[in-house]
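Dear colleague,

Please find below the structure that I am handing over to you. My findings on its packing and its pockets follow.

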Amino acid sequence: MRYAISVPQLIPDGSFQPENLRAYLDRAEALGFESAWTTEQLLGSAPNLSPIELLTFAAACNERLRFGCAVFVTPLHNPVHLAKRISTLDQLTRGRLEIGVGIGGRNRMFSAFDVDPADNLVTRFNEGLRVMKALWTQPRIDIDGEFWQLTGATMEPKPFQKPYPPLWFGGSTPAALRRAVRHGNGFFGAGSSTTAEFAEQVRYVRETLAENSGAPSDFHIAKRVYIAVDDNPARAEQRMATALADFYGEFGKTLLPVAVHGTPKDCIQGLREVADAGAEMILINPLFDEVAQMERIAAEVLPHVD
């Protein structure tokens with residue numbers, strides 16, 4: 001089993017302390033985490049820092065961890081801008097970048113991004129991904145798409161990793177899981193999905209991989225897990241419920257069943273179930289007291305999961 005850790009990303013106005021992030025990442029590396037991940041939340045009341053900028057700073061603080069975002073909601077982005085930013089960050093990290101992509105839900109303020117929700121978001125997603133891959137791999141590109149047109153376009157430098165950073169796909173529907181197998185290097189289960197839902201998604205992904213001779217042989221499966229360890233199970237549950245509501249708003253009040261929380265024994269069992277469901281990498285995501293939680297999880301939980 002491989003373990004990743006979330007990058008502390010909820011930073012109230014004026015409270016960012018660079019030395020704290022540097023120490024957190026160095027400690028994560030020392031504890032054996034192989035990578036550190038952000039989310040993307042462009043609008044919302046939670047003070048969520050932008051992933052590209054945060055990852056750029058984080059990568060400058062640590063020379064060994066890999067870094068990723070799960071996931072960029074790519075239909076809300078111009079693919080040329082996003083391709084350039086990703087390529088640049090991959091160069092700056094010397095190839096330590098991983099990218100998650102997804103369509104996202106329909107309950108978004110699309111008008112803020114000049115996106116008509118009546119448009120086919122799947123077509124926009126697929127076309128944007130095609131533009132990015134072309135810019136990363138081809139010396140000149142010509143694309144006459146429904147949403148983007150490029151004639152003789154070039155982009156340099158290409159990503160440090162060839163042909164481009166590993167692409168993880170989010171999503172939960174059968175169509176989204178098929179896209180992951182056709183176009184990606186891995187499937188990343190959402191933190192907002194239950195372990196039972198994740199197990200069904202993994203089953204479908206593996207069936208699709210077996211049926212698709214063109215699928216990559218090194219396709220991987222991961223899941224984000226919101227976790228809180230506390231010797232007092234009731235306190236762990238209450239703090240997790242509050243944190244989910246703060247992050248997700250009203251929707252967060254329904255998400256307590258997706259999280260792993262309680263005593264170290266409870267958390268060991270919860271993570272074992274995620275592993276048994278098919279996760280090859282688990283993204284450990286505390287939502288409060290990140291440093292203290294990371295220490296306890298690494299010392300009291302993870303050694304007993306495998």
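Helices in this message are DSSP runs of at least four residues, numbered from the N terminus. Please note that this is a predicted model.

Is Ala83 buried or exposed? Its relative accessibility is 0%, and because buried means under 20%, Ala83 counts as buried. Leaving aside residues up to four places away in sequence, Ala83 is in contact with Met132, Leu135, Trp136 and Met155.

Turning to the nonpolar cores, the largest comprises 77 residues, and Leu25, Phe33, Leu271, Ile284 and Val301 have the most contacts inside it. Helix H4 (residues 121–137) is the element that gives the most to this core, contributing eight residues. Another core, of 12 residues, lies apart from it; Met240, Ala243, Phe247 and Val258 are among its members. As for Leu25, its contacts are Ala36, Ala58, Cys61, Asn62, Leu65 and Phe67, again not counting residues up to four places away in sequence.

The largest pocket holds about 1,500 Å³ of space. Its lining is made up of 46 residues, of which Val73, Gly104, Gly105, Arg108 and Ser192 are the closest to the pocket centre. Which elements each supply at least two residues of this lining? They are strands E3 (66–73), E4 (97–102), E8 (186–189) and E9 (220–229), together with helices H4, H5 (174–183) and H7 (233–248). Sorted by class, the lining of the largest pocket has 22 nonpolar, 18 polar and six charged residues.

The second largest pocket contains about 210 Å³ of space. It is lined by Pro8, Ile11, Ser15, Phe16, Gln17, Asn20, Leu21, Tyr24, Glu290 and Val291. Helix H1 (18–30) and helix H9 (290–301) are the elements that give two or more residues to this lining, and H1 gives the most, with three. By class, the lining of the second largest pocket has six nonpolar, three polar and one charged residues.

With kind regards

Note on methods: Residues are numbered from 1 along each chain as its sequence is written. This is a predicted model: local features need pLDDT of at least 70, side-chain atom pairs count only at pLDDT 80 or more; totals for chains, interfaces and linings use all residues. Side-chain values use heavy atoms; hydrogens and water are left out. Buried means under 20% relative accessible area, exposed over 50%, partly exposed in between (1.4 Å probe, protein chains only). Contact means heavy atoms within 4.5 Å. A nonpolar core is a set of buried Ala, Val, Leu, Ile, Met, Phe, Trp, Tyr and Cys residues joined through side-chain atoms within 4.5 Å. On a 1 Å grid over the protein atoms alone, a cavity is a set of points where a 1.4 Å probe fits but cannot get out, and a pocket is an open set with protein on both sides within 12 Å along at least five of seven lines; lining residues have an atom within 4 Å of a point. Grid points are joined across faces, edges and corners, and a volume is the space filled by probe spheres set on the points. Ala, Val, Leu, Ile, Met, Phe, Trp, Tyr, Cys and Pro count as nonpolar, Asp, Glu, Lys and Arg as charged, and the others, Gly among them, as polar.
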